[in-house]
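The note below takes the form of numbered points on the model shown here. It begins with the relation between the chains and then turns to their helices and backbone.

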There are 2 protein chains.
Amino acid sequence: MTSCIAIDAMGGDGAPKIVFDGIAEFVKAHPTTDAKFLVFGPEDVVKPLLTPALASYVTIKHSAEIVTGQTKPAAAVRMGRKTSMAMAIDAVNSGIADAVVSAGNTGAFMALSKIILKTFDGIDRPAIPALIPSDKGCTLVLDLGANIDCSAENLVQFAVMGSVYMRKLMNIDNPSVGLLNVGSEDLKGNQVVQAAANFLRDHPLVNFHGFVEGDDITKATVDVVVTDGFTGNIVLKAIEGTVRLFARQLKKSLSETVLSKLGALIAQPSLASFKRFVDPRLYNGTMFLGLRKIVIKSHGGTDGIGFATAIKVADELVKRNVIPDLQAGLEGIQ
Amino acid sequence: MTSCIAIDAMGGDGAPKIVFDGIAEFVKAHPTTDAKFLVFGPEDVVKPLLTPALASYVTIKHSAEIVTGQTKPAAAVRMGRKTSMAMAIDAVNSGIADAVVSAGNTGAFMALSKIILKTFDGIDRPAIPALIPSDKGCTLVLDLGANIDCSAENLVQFAVMGSVYMRKLMNIDNPSVGLLNVGSEDLKGNQVVQAAANFLRDHPLVNFHGFVEGDDITKATVDVVVTDGFTGNIVLKAIEGTVRLFARQLKKSLSETVLSKLGALIAQPSLASFKRFVDPRLYNGTMFLGLRKIVIKSHGGTDGIGFATAIKVADELVKRNVIPDLQAGLEGIQ
């Protein structure tokens, strides 16, 4: 299946350069790809970045306006379909493209996607998942911020969507799902997680493991960890912060003395493989789950390598046709 | 001020050995200490561990029974004042000791402490804080699990208690306090954190910074991070899990090849200083905040070095006379 990916060239700290760097990285890593890209942005800004090597993959689509990092979601909606972000989403809605990728303003991207593409029946706000490195490779955690106050029903929907997502994206047959709690015993936690666990124990579409704790995320106890958007957002950022602190301190320690610098130099290839393991760029690109089309959000601060990972996620999910499975899982449980 | 510390010798995975190792480590690190220890446990088990070098510091107090890791809190309470844990707490209540330390069963230790020592007026359940390594040294996070459903008033109490604790334990003059949320903007989050922020903005005893996010914990944006016990417990365990994953992967990478092993060997002293930075034993020992006496919980899985840190925390808080300040802060805000 050929995939056509719409890209908002104007989102992200390093835009539009990271977008073209990302496409180039993706094409380099997948030389036989049949993916095509519709890149939206003001022609005078975007066109000069299109190299001859990319010309056969990329079609540039002019947009008069852009959504910046400071644009409020409501303002982005009021700007209508003239921005590069809205036009890229529109391309998916009209069927010209199969997926849309943006590294721009998360709130605006979510608001525009909801209005233009609509959610599945019964889904109020889409969930945002993230892949966290773990001993087994990675664990999917959701929701990461779209839904602050969650009902038990919301958590059950996250469990279904997370299962489908991991099956399609990571080829995991029957992904196990854990519900994040303060202990693994059945009686722990608040009423919402208790009620959600009751629903999940007999759920036909979820391989429910039971409650899991904070350290189970990196221990890979389960494939999917479900939590409300408040806890999920805080936990994700705490993990990111810890990885960064650890990396800073390690770097500091290894440059303390001449000997430690020498040791680090000798161990360089292995330290590089370690660095890759925790490199957030290699976990970049997450789908807004609950929308009727494939919408991929890239981290705003990423570079070409990170943006290429987001493109790969989009391409993979198009090829594996994730939407019908999500819809069946969600609308079947109404 | 001389401090007399009551110790439950029978709590923790490595008890009673870790307790005597811990006292020995503490005395070695503080050779001029005037601290004395009352060590509670069955005489036949505990006495053989008392070395001549420690005899002048330690008095052994016989207990007929013990609380194990499997004892339910209610069962520990029903066992009365015959267990080493209850007797150690009792010693503080009767004024024989100034503080109590145990590495035993957290639920039982909390339940017995509440019944024997009582909480301050208006405090329902004491909070559990923890020190997390950060760029500035460490950040205090509370609550870590004692209070699952928190009201705005609970969060305000945590802010007051956390401020006093950091001032007394870490000598920080006017500790800054952040409220954990999904964003730092004033309008973010659920109703509870919104209401708590409103109280804290004009609070006379709290240097309120505003909302902080998950990654602010390790960034040392503030000295004290306040959150409910549900989120706090999950975040703490997620951070611990991330540190352990990182350490495992680093070790794996550094033993991949002959060269990386050589590099690691050469950089050994610096890697050791890095290891110290994330060594959980050096952050061990936390006070149950809200009780009328000093009660210090050590991690159950710690060793002598970790237990010595918990003893140091107890000794420090006795010398700095933390209880009147906590009481004034809490009962003043009723």
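1. Chain A superposes on chain B by a rotation of 180 degrees with 0.0 Å of shift along its axis, at an RMSD of 0.0 Å, which is the relation of a two-fold axis. The superposition is by least squares on the C-alpha atoms of residues with pLDDT of at least 70 in both copies. Within chain A, the C-alpha nearest the axis belongs to Gly263(A), which lies 1.9 Å from it.

2. On conventions, this is a predicted model, in which local features need pLDDT of at least 70 and side-chain atom pairs count only at pLDDT 80 or more, whereas totals for chains, interfaces and linings use all residues. Residues are numbered from 1 along each chain as its sequence is written, and chains are lettered from A, with ligands numbered from 1, in the order in which they are written.

3. The contact between the chains takes 50 residues from chain A and 50 residues from chain B, where two residues are in contact if their C-beta atoms, placed from the backbone, lie within 7 Å. On the side of chain A that touches chain B, at least two residues each come from β5 (130–134), α8 (216–219), α9 (229–254), α10 (258–266) and α11 (268–277), and the largest share, 19 residues, is that of α9(A). Helices (H or I, at least four residues) and strands (E, at least two) are DSSP runs numbered from the N terminus.

4. By class, this side of chain A holds 25 nonpolar, 17 polar and 8 charged residues; Ala, Val, Leu, Ile, Met, Phe, Trp, Tyr, Cys and Pro count as nonpolar, Asp, Glu, Lys and Arg as charged, and the others, Gly among them, as polar. Since 100% of the interface residues of chain A are also interface residues in chain B, the copies meet through the same surface.

5. Chain A contains 13 helices and 11 strands. Its radius of gyration, 20 Å, is close to the 20 Å that the globule rule gives for 334 residues, so chain A is as compact as a globular protein of that length; the radius is taken over C-alpha atoms, and the rule is 2.2 Å times the number of residues to the power 0.38. The C-alpha trace of chain A spans about 60 × 60 × 40 Å along its principal axes.

6. In chain B, helix α6 (residues 152–170) packs against helix α7 (residues 191–201) at an angle of about 50 degrees, with their axes 8 Å apart, which makes α6(B) oblique to α7(B). Axes are lines fitted to C-alpha atoms, for helices over the stretch in contact, and angles run from 0 to 180 degrees between N-to-C directions; those under 35 degrees count as roughly parallel, over 145 as roughly antiparallel, 65 to 115 as roughly perpendicular and the rest as oblique. From α6(B) the contact draws on Ala152(B), Leu155(B), Val156(B) and Ala159(B), and from α7(B) on Val192(B), Ala195(B), Ala196(B), Phe199(B) and Leu200(B), a set with 9 nonpolar, no polar and no charged residues.

7. The same helix α6(B) also packs with helix α13 (residues 322–331) of chain B, at an angle of about 155 degrees and with axes 9 Å apart, which makes α6(B) roughly antiparallel to α13(B). Here Gln157(B), Val160(B), Met161(B), Val164(B) and Lys168(B) of α6(B) meet Val322(B), Asp325(B), Leu326(B), Gly329(B) and Leu330(B) of α13(B), and this contact divides into 6 nonpolar, 2 polar and 2 charged residues.

8. Most residues other than glycine have a negative phi, and most peptide bonds are trans. In chain B, the peptide bond from Leu142(B) to Asp143(B) is cis with omega near 10 degrees, and Asp143(B) lies in the loop between β6 (137–142) and α6. Asn171(B), a residue other than glycine, has a positive phi near 65 degrees, and its place is in the loop between α6 and β7 (176–180) of chain B.
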